[in-house]
Amino acid sequence: MTMNHMIGLGLLVCVAAKAGALQHSQDKHFCESCGEQASITNIVNPFSLVDVKIAENTNEWKAQQLNLKYLLMLNVSSLSYNFKNTSGLPLDDAVPFGGWETPHGPVGDDRGHFTGHWLSASALMIEATSDAQLTKNAAELVSVLGECQKANAKKFPKFGPGYLSGFPTLYFDCLENLWQKPCRYMQVPYYNVHKIMQGMLDQYLLLSNKQALEIVTLMADYFYKRITTLIQTNGTSVWERVLDTEAGGMNDVMYQLYRVSGNADHLTMAHLFDKQKWFGPILNKTDILGGNHANTHLALTVGGAQRFDTIGPAKADSYRTGVEFFVETLTSAHSYSTGGSNFREYWTQPHQLGQTIVDVKDAIAGHDTEESCTTYNLLKILRHAFRWTTDPRYMDMYSYAMTNGVMGIQKQNTPGVMLYLLPLGVGVTKGNSTRSWGTPFNSFWCCYGTGIESFSKLADSIYFQGKGATESVNATSDANTPSDAVTSSVDDLWVARYVSSTLRFTVGSEGEGEARGDAPDVLVTQQSSMDVDGKSTITLSSPSSQQPKMTFALHLRVPSWAIASKAVVTVNGKPISGAIVAGKWLTISRDWMVAGAEDTVLVVFPTEVRLRQLDDNSTSHAYTGMNSFVFGDTLLVGVYTATSPDAGNNNITVPSLTDLSSWVKRKTSSTSDSSTIEFVATTATQVITLIPLHQVDEQRYTVYYNMSTPSPSNVKNAPMLNTQPQK
Ligand SMILES: [Zn+2]
């Protein structure tokens, strides 16, 4: 592709410089960003974290609060150290961070990336908690980085006044010279710059910080000029070599910025980062995941989804189908029972996960699995795919990845200690990957950056708003006369995940540009113990006694692991009519809150322990016999004391692979906490205590057991994305 062709693409697209584009971002009630509001391709939209709050004292709330503590432990002078150092501004008595943020460390061009993540995380956390000190710190950091950018305009003037990074432009020179001598910098500077740009854009989109928008716009201008000059001088082949290095979500942030600015250069630059070596095969539905670095390509794929959201079906439909193909491929041929993927940061060939869990020739098999930041990006992709389709399977997968791959990486009760890699092997601990647990001030890995974002947005993607449904089963309640249909004048409410929380829901808003009052139409309160006993109670109440009624459809996700025959849904105590089908939406269309009365919806979606087989198509029983235990979306692992002789032995003989009820029993002792899950599996070879992976802290555990039975039988595999609903 030539440069002229690429610039032509930018000029041809429908420029989104709508008069009100900048004003929309001031409206924080509807969704998390102006960019999302401007999207033309979504059936449903998420709510802003301003409107959704996690209920206090839940696991999610504790995780969020721990993360808030950590964000506040990181002071502005340390967060800005490398930027000031690069710009030549006085450092005063600032103390630099260690780890990947070390000012002169061996991995020098990673420094600054975490500061970008902190900007994104603090914007999300401020929306979620309104914390005053964090608000002050975030504004101060943007201001200080603005000073650094101004100083850089004189220090690094070659491509304009916008350079901002924790390292000098020399690193980009080296990258563009393809690291010919004497360059010794061989890392990933665009990966780093992406975090800073996204952080600034989030400060603008979520907190309306206009200086942050000015900073990111100047950065975009600088890099646009730098990149187009490189291509004009050296040709596209050099640019393609540059793209062989990890560039994070440069395409992602540039599509979002374009939706704010309407500047065609921003769109052109976004397209330039849509690496065709990746998207070419993926758009042609070819599985090229094997051997590729997972997080590099997950972040790129988030950008591909953003491309579809930005320029729409007419110009980017193949990107939507490509992203959907990618999700299907990743989850059906490369994923673990956690919902996550990758070993040593790379994907294996399809259906070849056995050697990543147990391999006598590879000491880190089972240890260096599932890089945490890959789960963060997977969740973004699933959220895009869900918003396009309302396909409940995407939220099933989202729940798996969130429950195990996010909630499982934070050390309990200790702020700032998280995992890079999530061990999924035999007799492992979370700390015995080659990275171990991180430390608050001396790690700052990629996964620390994504971790602080993940734990700031735990209230995201619980509820969605929007019209239309696919795979939906309509139900009625006899509590009053159901509406004839979901009227076109209102939006529906979608309960995508069952997490104790509150929602301020304003019915009928079209989101973009519409004036919104402070008072919502509906207060939604959810009390959920879905992960423990399959139950959730959702209360809808009106903040105004003057309100006669509200008419909208409530869509409830019936997880694919629910036992439909035992499922119950009631409205104000009366069962709804209509079938409850696992893996579908259950839609209740009716008038709510008639004459201001409160309505209560009870859902009971019971599940049971099932086996989930390790994805390996070899003929060796050592791999094909490997199964994990799952309960709903929760991966259960066998836990052991440090000295247990069984900890390193995952070969077990079990009574049956299809009927687990005879040998896997719920622990119901009077001392057990009713808010936790614990099972005991009694096998011929060992008695195993099973608890959720996300509750493991320091214990040794085993994820996959090599199971044999007295007589051969097929595993009843627990559903992930591609399997049919059970029962
Ligand atoms: Zn990472």
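**Close-up views of strand pairing**

**View 1. The hairpin of S15 and S16 in a predicted model**. Glycine 632 takes a positive phi near 65° in the hairpin of S15 and S16, where 2 residues lie between the strands; strands here are DSSP runs of E with at least two residues, numbered from the N terminus. The model is predicted, with local features requiring pLDDT of at least 70 and side-chain atom pairs counted only at pLDDT 80 or more, while totals for chains, interfaces and linings use all residues. Residues are numbered from 1 along each chain as its sequence is written. S15 and S16 run antiparallel and are joined by 3 bridges, two strands being taken as paired if DSSP finds at least two bridges between them. Threonine 634 in S16 is the bridge partner of phenylalanine 631.

**View 2. Strand S14 and its pairing with S15**. Strand S14 (residues 609-613) is largely enclosed by the rest of the structure, because 5 of its 5 residues are buried; a residue is buried if 20 or more other C-beta atoms lie within 10 Å of its own, exposed if 12 or fewer, and partly exposed in between, with C-beta atoms placed from the backbone. In a regular strand the side chains alternate between the two faces of the sheet. Val609, Leu611 and Gln613 point one way from S14, whereas Arg610 and Arg612 point the other way, and all are buried. S14 runs antiparallel to strand S15 (residues 626-631), to which 5 bridges join it, and valine 609 stands opposite phenylalanine 631 in S15.

**View 3. Strand S16 with S20 and S21**. Of the 7 residues of strand S16 (residues 634-640), 6 are buried, so S16 is largely enclosed by the rest of the structure. Strand S20 (residues 687-692) runs antiparallel to S16 and is joined to it by 4 bridges, with leucine 636 standing opposite proline 692 in S20. S16 also pairs in the antiparallel sense with strand S21 (residues 700-702), over 3 bridges, and here the bridge partner of valine 639 is tyrosine 701 in S21.

**View 4. An open sheet of 7 strands**. The strands follow the order S2-S6-S7-S8-S13-S10-S11, and their pairing is antiparallel. Strand S2 (52-54) and strand S11 (574-575) are the edge strands, each of which pairs on one side only.
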